[in-house]
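Thank you all for coming.

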Amino acid sequence: MPSRSTSTGAPDTARWLLRGRDGRLTAYARAEGGLLRWTETAPGGPRWSGPDFFEAPGLTYLTLAQGSDGYVHFLGRRELRDATGAGGDAVVDIVHSVQYQSGRPLMDWRTLGNPHTKRVDRAPSLGAPAAAVDTEGTVHVFVRDAVGSVRMRREGKGGKWEGWKDFKVLDTLDGMAALATSTGRVEVFAPGGKATLRWAQEKQGGELQRADDLPPAPAPGSGTLIETAPDRLTYYASDALGDGVLAHRPAGGAAAVPLGGAPGPGPTAAVRTTVDGYDCTVLAHRTRSGRPGLAAFPTEDEGAGLWWAETGEPCLGAPSLTIDARGRVVMAAIGLDGTLRLARQKAEPGLALEAWTRV
(Lines give C-alpha, C1' and ligand atoms only; values in the text may rest on other atoms or scores of the structure.)
Protein backbone atom coordinates (compact mmCIF):
# COMPACT_ATOMS: atom_id res chain seq x y z
CA MET A 1 0.00 0.00 0.00
CA PRO A 2 1.30 3.52 -0.78
CA SER A 3 2.49 5.46 2.26
CA ARG A 4 0.28 8.39 3.05
CA SER A 5 2.64 10.07 5.50
CA THR A 6 6.24 9.40 4.46
CA SER A 7 7.92 10.98 1.46
CA THR A 8 10.26 9.21 -0.92
CA GLY A 9 11.99 12.51 -1.67
CA ALA A 10 11.63 16.05 -2.96
CA PRO A 11 10.08 16.70 -6.39
CA ASP A 12 12.42 17.00 -9.38
CA THR A 13 12.62 20.77 -8.98
CA ALA A 14 13.88 23.18 -6.33
CA ARG A 15 10.55 25.05 -6.40
CA TRP A 16 8.48 22.83 -4.14
CA LEU A 17 8.01 25.18 -1.17
CA LEU A 18 5.55 27.80 -2.44
CA ARG A 19 3.57 30.72 -1.02
CA GLY A 20 -0.09 31.02 -1.96
CA ARG A 21 -2.14 34.15 -2.54
CA ASP A 22 -3.33 33.96 1.07
CA GLY A 23 0.28 34.09 2.33
CA ARG A 24 0.41 30.50 3.55
CA LEU A 25 3.30 28.27 2.59
CA THR A 26 2.78 24.83 1.09
CA ALA A 27 5.38 22.09 0.68
CA TYR A 28 5.04 19.22 -1.78
CA ALA A 29 6.99 15.95 -1.95
CA ARG A 30 7.09 12.64 -3.73
CA ALA A 31 5.46 9.57 -2.17
CA GLU A 32 4.92 6.02 -3.29
CA GLY A 33 1.95 6.11 -5.66
CA GLY A 34 1.46 9.86 -5.52
CA LEU A 35 2.52 13.01 -3.69
CA LEU A 36 2.31 14.59 -0.25
CA ARG A 37 1.36 18.12 0.75
CA TRP A 38 1.89 20.09 3.96
CA THR A 39 0.17 23.50 4.41
CA GLU A 40 0.68 26.26 6.98
CA THR A 41 -2.44 26.75 9.08
CA ALA A 42 -1.81 30.52 9.18
CA PRO A 43 0.50 32.84 7.22
CA GLY A 44 3.95 32.84 8.81
CA GLY A 45 3.37 29.61 10.73
CA PRO A 46 4.53 27.97 12.89
CA ARG A 47 1.81 25.29 12.70
CA TRP A 48 1.18 23.09 9.69
CA SER A 49 -1.50 20.66 8.57
CA GLY A 50 -0.80 17.44 6.73
CA PRO A 51 0.69 15.62 5.14
CA ASP A 52 -2.21 15.12 2.75
CA PHE A 53 -1.77 12.31 0.24
CA PHE A 54 -2.84 12.66 -3.41
CA GLU A 55 -2.84 9.59 -5.57
CA ALA A 56 -0.87 9.76 -8.83
CA PRO A 57 0.33 6.31 -9.87
CA GLY A 58 3.14 5.79 -12.31
CA LEU A 59 4.91 9.14 -11.95
CA THR A 60 8.59 8.81 -12.78
CA TYR A 61 9.19 12.57 -12.65
CA LEU A 62 7.35 15.46 -10.99
CA THR A 63 7.84 19.21 -11.34
CA LEU A 64 5.81 22.24 -10.27
CA ALA A 65 5.17 25.72 -11.65
CA GLN A 66 3.26 28.59 -10.05
CA GLY A 67 1.65 31.54 -11.80
CA SER A 68 1.16 35.08 -10.53
CA ASP A 69 -2.44 34.05 -9.77
CA GLY A 70 -1.10 31.66 -7.14
CA TYR A 71 -2.28 28.54 -8.96
CA VAL A 72 0.15 25.64 -8.60
CA HIS A 73 0.55 23.43 -11.69
CA PHE A 74 1.89 19.89 -11.44
CA LEU A 75 3.55 18.27 -14.45
CA GLY A 76 4.60 14.67 -14.40
CA ARG A 77 6.05 12.01 -16.62
CA ARG A 78 3.81 8.99 -16.17
CA GLU A 79 4.71 5.43 -17.07
CA LEU A 80 2.05 2.75 -16.82
CA ARG A 81 1.77 -0.77 -18.13
CA ASP A 82 -0.99 -1.27 -20.65
CA ALA A 83 -4.17 -3.18 -19.92
CA THR A 84 -2.84 -6.43 -21.36
CA GLY A 85 -1.20 -7.15 -18.02
CA ALA A 86 2.30 -8.12 -16.96
CA GLY A 87 4.88 -7.93 -19.69
CA GLY A 88 2.98 -5.35 -21.71
CA ASP A 89 4.66 -2.29 -23.14
CA ALA A 90 4.93 0.81 -20.99
CA VAL A 91 2.53 3.60 -21.89
CA VAL A 92 4.33 6.92 -21.33
CA ASP A 93 2.67 10.33 -21.33
CA ILE A 94 2.86 13.78 -19.73
CA VAL A 95 0.16 14.54 -17.18
CA HIS A 96 -1.05 17.78 -15.62
CA SER A 97 -2.98 18.78 -12.53
CA VAL A 98 -3.58 22.08 -10.75
CA GLN A 99 -4.29 23.39 -7.25
CA TYR A 100 -6.18 26.68 -7.26
CA GLN A 101 -5.87 27.71 -3.61
CA SER A 102 -3.80 26.83 -0.56
CA GLY A 103 -5.14 23.73 1.13
CA ARG A 104 -7.66 22.95 -1.60
CA PRO A 105 -7.75 19.58 -3.42
CA LEU A 106 -5.82 18.93 -6.59
CA MET A 107 -7.87 18.69 -9.75
CA ASP A 108 -8.00 15.41 -11.65
CA TRP A 109 -4.85 14.48 -13.54
CA ARG A 110 -5.26 14.98 -17.27
CA THR A 111 -2.99 13.63 -19.95
CA LEU A 112 -1.17 15.95 -22.37
CA GLY A 113 -0.21 12.93 -24.41
CA ASN A 114 3.13 12.08 -25.94
CA PRO A 115 4.58 13.86 -29.01
CA HIS A 116 5.63 10.50 -30.47
CA THR A 117 2.13 9.51 -31.58
CA LYS A 118 3.34 8.37 -35.00
CA ARG A 119 6.49 6.64 -33.74
CA VAL A 120 5.25 4.57 -30.85
CA ASP A 121 8.64 2.86 -30.63
CA ARG A 122 10.07 6.21 -29.51
CA ALA A 123 7.34 7.02 -27.00
CA PRO A 124 8.99 5.28 -23.99
CA SER A 125 12.12 7.42 -24.47
CA LEU A 126 10.27 10.64 -23.67
CA GLY A 127 12.16 12.77 -21.16
CA ALA A 128 11.29 14.89 -18.18
CA PRO A 129 8.97 17.93 -18.41
CA ALA A 130 9.55 21.53 -17.35
CA ALA A 131 6.89 24.23 -17.14
CA ALA A 132 6.36 27.99 -16.94
CA VAL A 133 3.19 30.03 -16.40
CA ASP A 134 2.99 33.52 -17.90
CA THR A 135 1.21 36.49 -16.33
CA GLU A 136 -2.01 35.61 -18.17
CA GLY A 137 -1.99 32.16 -16.57
CA THR A 138 -1.02 30.32 -19.77
CA VAL A 139 0.86 27.12 -19.02
CA HIS A 140 3.86 26.25 -21.21
CA VAL A 141 5.13 22.67 -21.00
CA PHE A 142 8.52 21.62 -22.37
CA VAL A 143 9.89 18.10 -22.67
CA ARG A 144 12.91 16.37 -24.20
CA ASP A 145 11.86 13.91 -26.88
CA ALA A 146 13.44 10.62 -27.94
CA VAL A 147 16.03 12.21 -30.24
CA GLY A 148 17.03 14.99 -27.86
CA SER A 149 14.87 17.72 -29.35
CA VAL A 150 12.70 20.02 -27.25
CA ARG A 151 8.93 19.83 -27.64
CA MET A 152 6.49 22.42 -26.31
CA ARG A 153 2.78 22.29 -25.67
CA ARG A 154 0.83 25.19 -24.20
CA GLU A 155 -2.68 26.18 -23.33
CA GLY A 156 -4.52 28.16 -25.94
CA LYS A 157 -7.47 30.45 -25.50
CA GLY A 158 -10.36 29.00 -23.56
CA GLY A 159 -8.12 26.44 -21.87
CA LYS A 160 -7.72 24.28 -24.97
CA TRP A 161 -4.24 22.89 -25.40
CA GLU A 162 -2.33 23.54 -28.61
CA GLY A 163 -0.48 20.67 -30.33
CA TRP A 164 3.13 19.75 -29.69
CA LYS A 165 5.69 22.04 -31.33
CA ASP A 166 9.14 20.71 -32.24
CA PHE A 167 12.09 23.08 -31.67
CA LYS A 168 14.14 20.88 -34.05
CA VAL A 169 17.41 20.44 -32.18
CA LEU A 170 19.37 17.34 -31.22
CA ASP A 171 21.11 15.89 -28.20
CA THR A 172 19.58 17.98 -25.42
CA LEU A 173 19.51 16.35 -22.00
CA ASP A 174 16.96 16.15 -19.21
CA GLY A 175 16.78 18.89 -16.62
CA MET A 176 15.35 21.87 -18.50
CA ALA A 177 14.49 25.06 -16.63
CA ALA A 178 11.68 27.43 -17.66
CA LEU A 179 10.30 30.65 -16.18
CA ALA A 180 8.18 33.64 -17.08
CA THR A 181 9.44 37.15 -16.31
CA SER A 182 7.34 39.81 -14.61
CA THR A 183 6.39 41.10 -18.08
CA GLY A 184 5.04 37.68 -19.03
CA ARG A 185 7.84 36.57 -21.37
CA VAL A 186 8.72 32.89 -21.15
CA GLU A 187 12.25 31.57 -21.49
CA VAL A 188 13.46 27.97 -21.43
CA PHE A 189 17.00 26.62 -20.96
CA ALA A 190 17.93 23.07 -21.99
CA PRO A 191 21.25 21.47 -21.02
CA GLY A 192 23.33 19.99 -23.82
CA GLY A 193 26.64 18.20 -24.08
CA LYS A 194 28.64 21.38 -24.79
CA ALA A 195 26.41 24.26 -23.64
CA THR A 196 22.94 25.22 -22.47
CA LEU A 197 20.48 25.84 -25.30
CA ARG A 198 18.07 28.73 -24.84
CA TRP A 199 14.78 29.95 -26.31
CA ALA A 200 12.94 33.16 -25.42
CA GLN A 201 9.83 35.11 -26.34
CA GLU A 202 10.21 38.72 -27.49
CA LYS A 203 6.90 39.48 -25.80
CA GLN A 204 4.23 37.64 -23.89
CA GLY A 205 2.25 35.22 -26.02
CA GLY A 206 4.77 35.24 -28.85
CA GLU A 207 6.65 32.33 -30.33
CA LEU A 208 9.77 31.14 -28.57
CA GLN A 209 12.83 31.94 -30.67
CA ARG A 210 16.27 30.34 -30.45
CA ALA A 211 18.70 32.56 -28.57
CA ASP A 212 22.44 32.36 -27.93
CA ASP A 213 23.75 29.24 -26.23
CA LEU A 214 25.36 29.51 -22.81
CA PRO A 215 28.72 27.76 -22.38
CA PRO A 216 30.08 25.79 -20.61
CA ALA A 217 27.96 22.65 -20.31
CA PRO A 218 25.92 22.36 -17.11
CA ALA A 219 25.31 19.26 -15.05
CA PRO A 220 21.91 18.02 -16.30
CA GLY A 221 19.10 18.80 -13.89
CA SER A 222 21.10 21.34 -11.88
CA GLY A 223 19.78 24.58 -13.39
CA THR A 224 17.28 27.07 -12.07
CA LEU A 225 16.05 30.49 -13.20
CA ILE A 226 15.25 33.60 -11.19
CA GLU A 227 14.37 37.14 -12.24
CA THR A 228 17.18 39.33 -10.92
CA ALA A 229 16.07 42.62 -12.55
CA PRO A 230 12.89 43.68 -14.36
CA ASP A 231 12.45 41.30 -17.32
CA ARG A 232 15.95 39.86 -16.86
CA LEU A 233 16.66 36.29 -15.81
CA THR A 234 19.77 34.74 -14.30
CA TYR A 235 20.47 31.03 -14.73
CA TYR A 236 22.27 29.20 -11.94
CA ALA A 237 23.56 25.69 -12.69
CA SER A 238 26.35 23.37 -11.62
CA ASP A 239 29.30 22.97 -13.93
CA ALA A 240 29.35 19.55 -15.63
CA LEU A 241 33.04 19.15 -14.72
CA GLY A 242 32.28 19.44 -11.02
CA ASP A 243 33.68 22.93 -10.46
CA GLY A 244 30.70 24.22 -8.49
CA VAL A 245 27.81 26.54 -9.30
CA LEU A 246 27.97 28.98 -12.23
CA ALA A 247 25.90 32.13 -12.77
CA HIS A 248 24.81 32.99 -16.33
CA ARG A 249 23.11 36.27 -17.25
CA PRO A 250 22.22 35.96 -20.96
CA ALA A 251 20.99 39.55 -21.33
CA GLY A 252 24.37 40.96 -20.36
CA GLY A 253 26.46 38.78 -22.67
CA ALA A 254 29.12 38.31 -20.00
CA ALA A 255 30.92 35.06 -19.28
CA ALA A 256 29.62 32.74 -16.60
CA VAL A 257 30.65 33.66 -13.06
CA PRO A 258 31.96 30.80 -10.87
CA LEU A 259 30.36 30.69 -7.42
CA GLY A 260 32.03 27.63 -5.93
CA GLY A 261 30.18 25.29 -3.64
CA ALA A 262 30.12 21.50 -3.67
CA PRO A 263 26.78 20.67 -5.29
CA GLY A 264 25.69 17.08 -5.63
CA PRO A 265 23.07 15.92 -8.14
CA GLY A 266 19.88 17.96 -8.35
CA PRO A 267 18.72 21.50 -8.96
CA THR A 268 19.82 24.74 -7.34
CA ALA A 269 17.25 26.71 -5.35
CA ALA A 270 17.19 30.52 -5.61
CA VAL A 271 15.22 33.33 -4.01
CA ARG A 272 15.60 37.11 -3.66
CA THR A 273 15.22 38.93 -0.37
CA THR A 274 16.40 42.01 1.50
CA VAL A 275 19.25 41.41 3.94
CA ASP A 276 20.34 44.35 6.09
CA GLY A 277 18.82 46.75 3.58
CA TYR A 278 20.45 45.17 0.51
CA ASP A 279 18.76 43.30 -2.32
CA CYS A 280 20.32 39.83 -2.12
CA THR A 281 20.02 36.50 -3.88
CA VAL A 282 20.08 33.36 -1.75
CA LEU A 283 21.08 30.02 -3.27
CA ALA A 284 20.83 26.50 -1.90
CA HIS A 285 21.60 22.99 -3.12
CA ARG A 286 22.15 19.48 -1.86
CA THR A 287 25.88 19.16 -1.35
CA ARG A 288 28.04 16.14 -2.06
CA SER A 289 27.80 15.24 1.63
CA GLY A 290 24.01 15.05 1.24
CA ARG A 291 23.34 18.08 3.46
CA PRO A 292 21.76 21.37 2.31
CA GLY A 293 24.24 24.13 1.45
CA LEU A 294 23.35 27.83 1.59
CA ALA A 295 24.95 31.05 0.27
CA ALA A 296 23.92 34.70 -0.27
CA PHE A 297 25.31 37.70 -2.16
CA PRO A 298 24.12 41.07 -3.54
CA THR A 299 21.75 40.47 -6.46
CA GLU A 300 23.55 40.56 -9.83
CA ASP A 301 26.87 41.15 -8.05
CA GLU A 302 28.16 37.60 -7.79
CA GLY A 303 31.69 38.96 -8.04
CA ALA A 304 31.29 40.54 -4.60
CA GLY A 305 32.04 37.13 -3.16
CA LEU A 306 30.10 34.56 -1.17
CA TRP A 307 30.69 31.60 1.06
CA TRP A 308 28.76 28.38 1.34
CA ALA A 309 27.62 26.94 4.64
CA GLU A 310 26.20 23.47 5.14
CA THR A 311 23.20 23.25 7.43
CA GLY A 312 20.87 20.61 8.78
CA GLU A 313 20.98 16.87 8.18
CA PRO A 314 21.31 14.90 4.92
CA CYS A 315 18.22 15.14 2.75
CA LEU A 316 16.38 13.30 -0.01
CA GLY A 317 16.57 15.47 -3.12
CA ALA A 318 17.14 19.19 -3.42
CA PRO A 319 16.22 21.68 -0.70
CA SER A 320 13.82 24.50 -1.50
CA LEU A 321 13.73 28.21 -0.62
CA THR A 322 10.97 30.79 -0.38
CA ILE A 323 9.92 33.93 1.52
CA ASP A 324 7.14 33.60 4.07
CA ALA A 325 4.36 36.07 4.90
CA ARG A 326 6.62 37.86 7.41
CA GLY A 327 9.41 38.36 4.88
CA ARG A 328 11.65 35.64 6.30
CA VAL A 329 13.69 33.23 4.20
CA VAL A 330 12.43 29.69 4.75
CA MET A 331 14.47 26.63 3.77
CA ALA A 332 12.84 23.22 3.44
CA ALA A 333 14.25 19.74 2.97
CA ILE A 334 13.00 16.16 3.05
CA GLY A 335 14.87 14.20 5.72
CA LEU A 336 16.20 10.72 5.18
CA ASP A 337 13.24 9.49 7.23
CA GLY A 338 10.85 11.00 4.65
CA THR A 339 9.60 13.82 6.87
CA LEU A 340 9.49 17.56 6.11
CA ARG A 341 12.18 19.70 7.79
CA LEU A 342 12.14 23.51 7.96
CA ALA A 343 14.47 26.31 9.03
CA ARG A 344 13.38 29.97 9.11
CA GLN A 345 15.46 33.10 9.10
CA LYS A 346 16.13 34.52 12.56
CA ALA A 347 14.68 37.88 13.54
CA GLU A 348 18.10 39.52 13.67
CA PRO A 349 20.54 41.14 11.21
CA GLY A 350 22.06 38.88 8.58
CA LEU A 351 20.81 35.60 7.18
CA ALA A 352 21.19 33.26 10.14
CA LEU A 353 18.62 30.47 10.30
CA GLU A 354 16.81 29.17 13.34
CA ALA A 355 17.23 25.53 14.32
CA TRP A 356 15.70 23.01 11.92
CA THR A 357 12.32 21.67 12.97
CA ARG A 358 10.48 18.54 11.90
CA VAL A 359 6.91 19.09 10.66
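Let me start with aromatic pairs: rings of Phe, Tyr and Trp, the last taken by its six-membered ring, pair if their centres lie within 6.5 Å, and planes under 30 degrees apart count as stacked, over 60 as edge-to-face and the rest as tilted. With that definition, a search of the whole structure finds seven aromatic pairs, and one aromatic cluster is formed by Tyr28, Phe74 and Trp109.

Before I go further, please keep in mind that this is a predicted model, in which local features need pLDDT of at least 70 and side-chain atom pairs count only at pLDDT 80 or more, while totals for chains, interfaces and linings use all residues. Residues are numbered from 1 along each chain as its sequence is written, and side-chain values use heavy atoms, with hydrogens and water left out.

I call a residue buried under 20% relative accessible area, exposed over 50%, and partly exposed in between, with a 1.4 Å probe and protein chains only.

What are the neighbours of β2? Two strands pair if DSSP finds at least two bridges between them. Strand β1, residues 17-19, runs antiparallel to β2 and is joined to it by three bridges, with Leu18 standing opposite Thr26. The hairpin of β1 and β2 has five residues between the strands, and in it Gly23 takes a positive phi near 90 degrees. Strand β3, residues 34-40, is also antiparallel to β2, and six bridges join the two; here Tyr28 stands opposite Arg37. In the hairpin that β2 and β3 form, two residues lie between the strands, and Gly33 in the turn has a positive phi of about 80 degrees.

The bond from Gly45 to Pro46 is cis, with omega near 10 degrees, and Pro46 sits in the loop between β3 and β4 (48-55). Gly50 and Pro51 are likewise joined by a cis peptide bond, with omega of about 10 degrees, but Pro51 is placed in strand β4.

Let me turn now to Thr181, in the loop between β13 (177-180) and β14 (186-191). Is this residue buried or exposed? Its relative accessibility is 2%, so Thr181 counts as buried. I use polar contact for a pair of N or O atoms within 3.5 Å, where within protein one must be able to donate a hydrogen and the other to accept it, and where residues adjacent in sequence count only if both atoms are side-chain atoms. The side chain of Thr181 makes such a contact with the side chain of Thr183 at 2.9 Å, and another with the side chain of Asp231 at 2.7 Å.

Asp231 itself lies in the loop between β17 (224-229) and β18 (232-238); its phi is near 65 degrees, a positive value in a residue other than glycine. With a relative accessible area of 27%, Asp231 is partly exposed. Asp171, in the loop between β12 (165-166) and β13, also has a positive phi near 65 degrees, but Asp171 is exposed, with a relative accessible area of 58%.

Finally, strand β26, residues 329-334, has six of its six residues buried, so it is largely enclosed by the rest of the structure. Val329, Met331 and Ala333 point one way from β26, and Val330, Ala332 and Ile334 the other way. On one side, four bridges join β26 to the antiparallel strand β25, residues 320-323, and the bridge partner of Ile323 is Val329. Five bridges join β26 to strand β27, residues 340-344, again antiparallel, with Ile334 opposite Leu340. Each hairpin has five residues between its strands and a turn glycine with a positive phi of about 80 degrees, namely Gly327 between β25 and β26 and Gly338 between β26 and β27.
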